[in-house]
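This report describes the fold of one protein chain and then follows a few of its elements in detail.

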Amino acid sequence: ASLALFRFGLHHSNFTMFAKLKSALLPPALVVIGVGLAYGGFTEGRDFKAIADHGKTAEATLDQVTWKEKAVSGREKGFKLELHFETEAKQPVKATVSVSKDVGQRFRDGNDNKVLVKYLPESPNTVILADAKDESGIMMAAGGALALVGVGVFVYPRRTASAREGRAPPA
């Protein structure tokens, strides 16, 4: 087996090189993804709070339901409602709202083409479903946890290596 691996240039040193590359890229990737997720949760929470504070309600007409389907499993995800409505100031607005799988399937499979939405008067394209729940806290917590894991994956091996060598860990 090792002869076959060597023939294709896949000997042990290449595997350790890939393992080192993976271990070097994993912590920063986790931190970047975590910070991005936390920031997304923060902005979503800010918009949700503003809509709850002074948002307006309107009846929107559903134009289309879109979703993605996994090629192998056929699982559906990423449902979006494309809709349009008119603000109190008679301004026409077209918007796309991301919804859960259950809500997306309900609108796709049903024949109801009206939906209540809430929007920000100063930014009418900032739209949520009228009965939407604020899940921004979950996004921020998950992002923070992911970033902390990334930092931990970076710091832990260095601290344990320093302890094994009898040195004080780097500050």
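Helices (H or I, at least four residues) and strands (E, at least two) are taken here as DSSP runs, numbered from the N terminus. By that definition the secondary structure of the protein chain comes to 4 helices and 5 strands, and the elements follow one another from the N terminus as α-α-β-β-β-α-β-β-α. This is a predicted model, in which local features need pLDDT of at least 70 and side-chain atom pairs count only at pLDDT 80 or more, while totals for chains, interfaces and linings use all residues. Residues are numbered from 1 along each chain as its sequence is written, and side-chain values use heavy atoms, with hydrogens and water left out.

Of the 171 residues in the protein chain, 25% are buried, where buried means under 20% relative accessible area, exposed over 50% and partly exposed in between (1.4 Å probe, protein chains only). Contact means heavy atoms within 4.5 Å; among the contacts in the protein chain with a separation of 6 or more, 59% are between residues 24 or more positions apart.

Strands β2 and β3 run antiparallel and are joined by 7 bridges, two strands being paired if DSSP finds at least two bridges between them. E82 stands opposite T96 in β3, and in the hairpin of these strands, which has 5 residues between them, K90 takes a positive phi near 65 degrees. In a regular strand the side chains alternate between the two faces of the sheet.

Helix α3 has V103, G104 and F107 as its buried residues. These residues lie on the same side of α3 because they cover an arc of only 100 degrees around the axis, the arc being that of the directions from the helix axis to the C-beta atoms. The face turned away from this buried side carries the exposed residues D102, R106 and D109. What covers the buried residues of α3 includes the strands β1, β2, β4 and β5.

The residue ranges of several elements are set out below.

| Element | Residues |
|---|---|
| helix α2 | residues 12-54 |
| strand β2 | residues 76-86 |
| helix α3 | residues 101-109 |

Helix α2 contains L26, which is partly exposed, with a relative accessible area of 40%.
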